[in-house]
Amino acid sequence: MAYKVEYEREGCIGAGVCVAMCEKHWVMNADGKADLIASTKEGRMDVKEIGQDDLESMKQAAEGCPVNVIHILKKDTGEKVI
Ligand code: SF4
């Protein structure tokens with residue numbers, strides 16, 4: 001199954017949990033906020049599709065983010081995973 005990750009970058013406080021949990025998809029930027037690697041812009045969100053293999057680590061990033069700016073949806077139904 002494919003999943004869509006949505007990231008509200010404005011709200012990031014640079015805690016770095018996402019990078020620690022899921023370094024394949026997250027990197028710290030010099031401006032102090034995290035970047036969702038290879039994402040595209042969709043309004044205020046940075047978005048990216050991931051596969052089943054990356055769901056667990058991305059969930060850990062989303063759960064660990066202290067300001068809750070990382071969201072994961074099922075791509076086909078839009079149902080919220082976290
Ligand atoms: S865990 Fe959340 S606040 Fe911390 S760097 Fe990642 S997105 Fe930003």
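Start by selecting Cys18. Leaving aside residues up to four places away in sequence, Cys18 touches Glu23, Trp26, Ala34, Ala61 and Ile70. Keep in mind that this is a predicted model.

Now widen the selection to the core. Cys18, Trp26 and Ile70 are among the residues with the most contacts inside the largest nonpolar core, together with Tyr7 and Met58. That core has 19 residues. Colour the elements that give it two or more residues: strand S1, helix H1 (17–21), strand S3 (34–36), helix H2 and strand S6. H2 supplies the largest share, four residues.

Next, select helix H2, residues 55–64. Which strands does H2 lie across? H2 lies across S1 (3–7), S5 and S6. Against S6, the helix runs at about 140°.

Turn to the sheet itself. Show S4, S5, S1 and S6; in that order, the four strands form an open sheet with antiparallel pairing. Find the edges: S4 (40–42) and S6 (70–74) each pair on one side only. On average, neighbouring strands in this sheet are turned by 35° against each other, ignoring direction.

Select S4 along with S5, residues 45–50. How many bridges join S4 to S5? Three bridges join them, and the two strands run antiparallel.

Conventions: Residues numbered from 1 in each chain as written. Predicted model: local features only at pLDDT ≥ 70, side-chain atom pairs only at ≥ 80, totals over all residues. Heavy atoms only, no water. Pairing = 2+ DSSP bridges. Axes fitted to C-alpha atoms, helices over the stretch in contact; angles between N-to-C directions. Contact = heavy atoms within 4.5 Å. Core = buried A, V, L, I, M, F, W, Y, C linked by side-chain atoms within 4.5 Å. Buried < 20%, exposed > 50% of the residue type's maximum accessible area, 1.4 Å probe, protein only.
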